[in-house]
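Hi everyone, thanks for coming. Let me put the model up on the screen, and then we can walk through it together.

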Amino acid sequence: MNEVDISVDANNSPHYVDWGAITAGGFLAFVLSSLFLAFGSAIGLSITSFQGGKSASVTALVVAAALWLLWVQVSSFAAGGYFAGRLRRRVGDASLHEAEMRDGSHGLIVWAVGAVFGTVLAGALAISGLGGNAAAMDADYYVGRLIRGEISSASATGPGTAQIKRILIKNLGAAAMDEADKTFLVDEIATRTGLPQAEAQKRLDETAAALKAQADTARRYGILIAFLTTASLLLSAVAAWWAATTGGKHRNDAVDHSHLTRWS
């Protein structure tokens, strides 16, 4: 078997962390994940609704989206980790074991930087109010469901409509609706729709139950998505480490991949 030269390149840098290689690997992982996630969204692998009566389709969508996210993260961080390991300049790691450890560490840093950047981006999107706008749209739907068939169309834009929405959201997590709020809503429904008190009470109970069911479904799927996201991050960390050590070994062995770029 041919002996491989594992001598350390002369380098004046006293630092063992090669941030150039890490940055290159991180950018590659980010670009690949962005492309794959955009493609996944284009073919419908994103969760957009938890409407009642669609639990089977939502379950299938969550599973498909989770598998897609797992593949995207693992493959993207593996590619970024490989290039970080392959491009890393060796400093003070003459032994094979030390070289492997530092290559793997560079892949893990690529993963950590990507995970932090993704967390910051997700937090910025949440702060921007995207999630809040979606919740407000759902509340608007249920307000409309309560006052559907109202006597005066102008009353739909009155100040009472905003109050109805606030009451629905306020009582969403409660075991039972506050009696004062319930009385107010029943009176509003009866006044706006012309329904008898008993029918207005029935409509309120049905609408509140449907809204709570949707919220509970969204909460359960949110927990599931959070768990799957965490699992995919852990697996992508393992993939980044393994790929970086593989890239470092290919660097040491001077593995030639030029055949992959030749057209003839």
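This is a predicted model: local features need pLDDT of at least 70, side-chain atom pairs count only at pLDDT 80 or more; totals for chains, interfaces and linings use all residues.

Residues are numbered from 1 along each chain as its sequence is written, and side-chain values use heavy atoms, with hydrogens and water left out.

With that in hand, let's start at L235. Setting aside neighbours within four places in sequence, L235 touches L70 and V74. Its C-alpha atom is separated by 9.9 Å from that of W71, although L235 and W71 are 164 residues apart along the chain. L235 belongs to helix α7, residues 197–253; helices here are DSSP runs of H or I with at least four residues, strands are runs of E with at least two, and both are numbered from the N terminus. L235 has a relative accessible area of 46%, so L235 is partly exposed. For that scale, buried is under 20% relative accessible area, exposed is over 50%, and partly exposed is in between, with a 1.4 Å probe and protein chains only.

Stepping back, how many helices and strands does the protein have? There are 7 helices and 0 strands. Of its 264 residues, 30% count as buried. Among contacts with a separation of 6 or more, 76% join residues 24 or more positions apart.

Next, helix α1. Its 24 residues, 19–42, should span 34 Å at 1.5 Å a residue, and the end C-alpha atoms are 34 Å apart, which agrees; the expected span is 1.5 Å times one less than the number of residues. The buried residues of α1 are A21, I22, G25, A29, S33 and G40.

Finally, the aromatics. The whole structure holds 5 aromatic pairs. Y82 counts as buried at 17% relative accessibility, whereas F83, at 41%, counts as partly exposed. One aromatic cluster is formed by F36, F39, W68 and W71.

Conventions: Contact means heavy atoms within 4.5 Å. Rings of Phe, Tyr and Trp (its six-membered ring) pair if their centres lie within 6.5 Å; planes under 30 degrees apart count as stacked, over 60 as edge-to-face and the rest as tilted.
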